[in-house]
Amino acid sequence: MKSDLIQKYDLRVPRYTSYPTSPQFNEQVDGAVYKRWLGELDPKTELSLYFHIPFCDEMCSFCGCYTKIVKRYEPVSEYMTALLTEIDLVADALAQNNNKRMTAKHLHWGGGSPTMLKGDDWMSIMEKLRSRFDVTSDAEIAVELDPRTASEEYIAQLEKAGVNRASIGVQSYRAIVQEAINRIQPYEMTKQVIEWLRAHSISHINMDLMYGLPHQTVDEMEDMIDKTVELQPNRIALFGYAHVPWMKSHQKLIHEEDLPGTQERWDQFTTASERLVERGYVKVGFDHFAHPDDNMAAASQDNVLHRNFQGYTTDTAPAMLAFGASAIGYLPQGYVQNQLPLKAYRQAIFSGVLPTAKGIAINDDDRTRREVIERIMCDLEVDLAAVAKEFGTDKAVLANDIEKLKPLIADGICAIDGDKLTVLEDGRPFIRLVASAFDAYLKNSEGRHSKAV
Ligand code: SF4
């Protein structure tokens, strides 16, 4: 790819983990609306459940998540009580019309650091969930795990709680980078934790790697990929560091002069990406890679991959109920996000109301565009007429958006043949830009997203 294109398309666009994206959420969707939506859900709707644990014991300076640093367990313990109460509030809202009890097939704990929870708390939350939902025996139970705090004993407790997938963040194996981002996590530590996980039947391992961090280089990417592949994770994500110190003040600890420039970031990404493919991993979307035996590789090949707030997923559930401060969920009617300051979240729960802060109800135009965007992001191609027909929309409403693609078509990023839009292989890293042509809200949220490359 020519360097002038990398500079030309060095724009900020959403990651499209939802559509409409979160800057469009509004306060008209509150706890009462969410309660009504939950009551309207068809009892046969399969659910995913997401739990946000917004605590860590130390701040990594690159962090882009909503988390709070705590040195004592009391705040986590209080939060657990709120979370258990929220599970009851949501389950009661589901049951309000026909006493329905629903099935959950995917459970995911993110943060923050979910592994801040003590082993006993894992047991109580799983017990509560099983008492209010039918958690299937083959449910995927996934946890984002911080290797710096995980012991073998702790991992054995996760196994007992039913956890069967772990995601591990690895930003770099080099000390100079780890020091610059305030996260010391040597390779041997990561390796040991993965061995413990496998020994305790938590055999699905995701690794989240990063590029674009201070002092990272192209050479390091080669080394990082080789070391990672030795650990044989089932899935690998390759995320670019998003430097937004005006939104995340702790990122001011990262010196801008130590950060790679746009061309260097591009070279790091392409080097890592090509190396992963050479080592046998299958490209999934624009930033994920799957072992050929993993079901994500098959889902990608069969065009049945999905995208949600955790990134690319094989989860097909039409509803994800999200628990915890700031957590975002979705239902067929729209998106909901919980209160963000912990105090407001707890106050709502302990007054017996759902802690919804905002959200958005979606209409048929949103559904059509969401499907177009999701197919582009997941399959790198979409039949625009077929999607419009599926959602009862006149395909002419997409005509203006196709016009917007002309410069990208001229630059060899995508191609259009009749109604079929395809992202070309060279254009894969620019996939978010192609998708953004169909985002009817984008002009309202520019500047609030990370760089496209
Ligand atoms: S452990 Fe994860 S969530 Fe916590 S500060 Fe570090 S990057 Fe952020």
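**Close-up views of a predicted model**

View 1. Residue numbers start from 1 along each chain, as its sequence is written.

View 2. The peptide bond from G111 to G112 is cis, with omega near 15°. You'll find G112 in the loop between β4 (103-111) and α4 (119-132). Helices (H or I, at least four residues) and strands (E, at least two) are DSSP runs, numbered from the N terminus.

**View 3. Where two domains meet.** The domain assignment, which is automatic or from a database, gives domain 1 (1-10 + 364-444) and domain 2 (21-323). Their centres, taken over C-alpha atoms, are 28 Å apart. Across the boundary, 14 residues of domain 1 are in contact with 13 residues of domain 2; contact means that the C-beta atoms, placed from the backbone, lie within 7 Å. On the domain 1 side, α1 (3-8), α12 (364-379) and α16 (431-436) each supply at least two residues. Helix α12 gives the largest share, four residues.

**View 4. Inside the largest nonpolar core.** This core has 125 residues, and F323, I376, I431 and V434 have the most contacts inside it. A nonpolar core is a set of buried Ala, Val, Leu, Ile, Met, Phe, Trp, Tyr and Cys residues joined through C-beta atoms within 7 Å. Helix α3 (residues 74-95) gives the most to the core, with nine residues. Leaving aside neighbours within four places in sequence, V434 is in contact with I376, L405, L408, I413, C414, V423 and G427.

View 5. C378 sits in helix α12. Why does C378 count as buried? Because 24 other C-beta atoms lie within 10 Å, and the rule is 20 or more for buried, 12 or fewer for exposed and partly exposed in between, with C-beta atoms placed from the backbone. Not counting residues up to four places away in sequence, C378 touches G285, L305, H306, R307 and Y312.

**View 6. A hairpin.** Strands β14 (residues 328-331) and β15 (residues 334-338) pair in the antiparallel sense over four bridges; pairing takes at least two bridges found by DSSP. The hairpin joins β14 to β15 through two residues. I328 has Q337 in β15 as its bridge partner. I328 and Y330 point one way from β14, G329 and L331 the other way, and all are buried.

**View 7. A positive phi at S201.** S201 lies in the loop between α7 (187-199) and β7 (204-211). Its phi is near 65°, a positive value in a residue other than glycine. S201 is partly exposed, because 13 other C-beta atoms lie within 10 Å.

Conventions. This is a predicted model: local features need pLDDT of at least 70, side-chain atom pairs count only at pLDDT 80 or more; totals for chains, interfaces and linings use all residues. Two residues are in contact if their C-beta atoms, placed from the backbone, lie within 7 Å.
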